[in-house]
Amino acid sequence: NDGISIWVGGKVSNARHEPMFSKLAIPFIENDPPRWPEVTQAIRKIATCGKVIIIGRSSCCVTASLPLGVHVRLVAPEEYRIQKAGFKELGENEARRELHRRDRDRARLMQTYFRRDITDQSMYDAVWNTSRVPMETIARSIMGLVESRAVSCGLLRRVRAAG
C-alpha cells in the first residue's frame, strides 16, 4: 500500500537525539487516484496555517495560489541520486529501475492532476542541483526567499545589519 502521512509541528532535535516531529496530523491517506483530492485538500489546509515545509506530492501546484509559498525543485544527476537515495541494498540495475519508476510516478501525478510538466522550471522559485551546491547553502537561500516573500507581503520588516 502506497500512502502518505502528514506530520506537523516542526523538527525537534539536538546532538544527542535523532530528529523527531511533534505531531502526526494525518496518519495515512492512500495515494491512489480516488483519494488524491483528499490529499490535496489536506496539504493545502495545512499550508494555509503557515510555517510549514511540504516535500513532494506536487506541492508546488497544490500551493501555487498561496502568496507566501516558496517553491523549490532539487535536482541531481542520476548517479548521484542513486548513491544518495539509500538504495544500497539494491543492485545497481535495480536501483536505477527504482529511481526511474519514482521519477515516472512523480511526473505522472503532476500531469494527471495538474496538467503540468514536472520539469517546467516556471513553476519553481528556484531549482538547485544538490550534487553541486551544499545543502546548507540551499537552505540559507530558501530562508532568504521566504523572508523576501514575507517582506513583500508586508508581514515582516527587513532588519538591516549595523555597520
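Predicted model: local features only at pLDDT ≥ 70, side-chain atom pairs only at ≥ 80, totals over all residues.
Student: What is the average pLDDT of the chain?

Tutor: The term pLDDT is the predictor's confidence in each residue, from 0 to 100. Here the chain averages 81. At least 70 is scored by 81% of the residues.

Student: Which elements have the lowest and the highest mean pLDDT?

Tutor: Strand S1 (residues 3-14) is lowest, with a mean of 63. Strand S4 (residues 126-129) is highest, with 95.

Student: How many helices and strands does the chain have?

Tutor: Helices (H or I, at least four residues) and strands (E, at least two) are DSSP runs, numbered from the N terminus. This chain has five helices and four strands. From the N terminus on, the order is β-β-α-α-β-α-α-β-α.

Student: What span is expected for helix H4, and what does H4 reach?

Tutor: The expected span of a helix is 1.5 Å times one less than its number of residues. H4 (residues 92-114) has 23 residues. From its first C-alpha to its last, H4 reaches 33 Å, close to the expected 33 Å. Arg115 follows H4, and its phi is positive, near 55°.

Student: How far apart are the end C-alpha atoms of helix H5?

Tutor: They are 26 Å apart. H5 (residues 135-152) has 18 residues, so at 1.5 Å a residue it should span 26 Å, and the two values agree. Gly154 comes after H5, with a positive phi near 80°.

Student: Which residues of H4 are buried?

Tutor: Buried means under 20% relative accessible area, exposed over 50%, and partly exposed in between (1.4 Å probe, protein chains only). In H4, the buried residues are Ala95, Arg96, Glu98, Leu99, Leu109 and Met110. Their cover includes helices H1 (36-47), H2 (59-62) and H3 (78-84). Of the 163 residues in the chain, 23% count as buried.

Student: What does Leu90 touch, leaving out residues up to four places away in sequence?

Tutor: Contact means heavy atoms within 4.5 Å. With that exclusion, Leu90 touches Ala95 and Glu98. Leu90 sits in the loop between H3 and H4. Its relative accessible area is 28%, so Leu90 is partly exposed.

Student: Is Ser58 buried or exposed?

Tutor: Ser58 is buried, because its relative accessible area is 7%. Look for Ser58 in the loop between H1 and H2. Leaving aside neighbours within four places in sequence, Ser58 contacts Leu109, Met110 and Phe114.

Student: Where is Thr130, and what does it touch?

Tutor: Thr130 is in the loop between S4 and H5. Not counting residues up to four places away in sequence, Thr130 touches Leu74, Val75, Ala76, Tyr80, Met135 and Ile138. Its relative accessible area is 17%, so Thr130 is buried.

Student: Which residues make up the largest nonpolar core?

Tutor: In soluble globular proteins, nonpolar side chains tend to be buried together. A nonpolar core is a set of buried Ala, Val, Leu, Ile, Met, Phe, Trp, Tyr and Cys residues joined through side-chain atoms within 4.5 Å. The largest one here has nine residues: Ile6, Ile29, Trp36, Val39, Ala42, Ile43, Ile46, Val62 and Leu109. H1 gives the largest share of this core, five residues. A second, separate core has six residues, including Cys60, Met110, Ile118 and Tyr124.

Student: How many disulfides does a search of the whole structure find?

Tutor: A disulfide is a covalent bond between the sulfur atoms of two cysteines. The test used is a pair of cysteine sulfur atoms within 2.5 Å. The search of the whole structure finds zero.

Conventions: Residues numbered from 1 in each chain as written. Heavy atoms only, no water.
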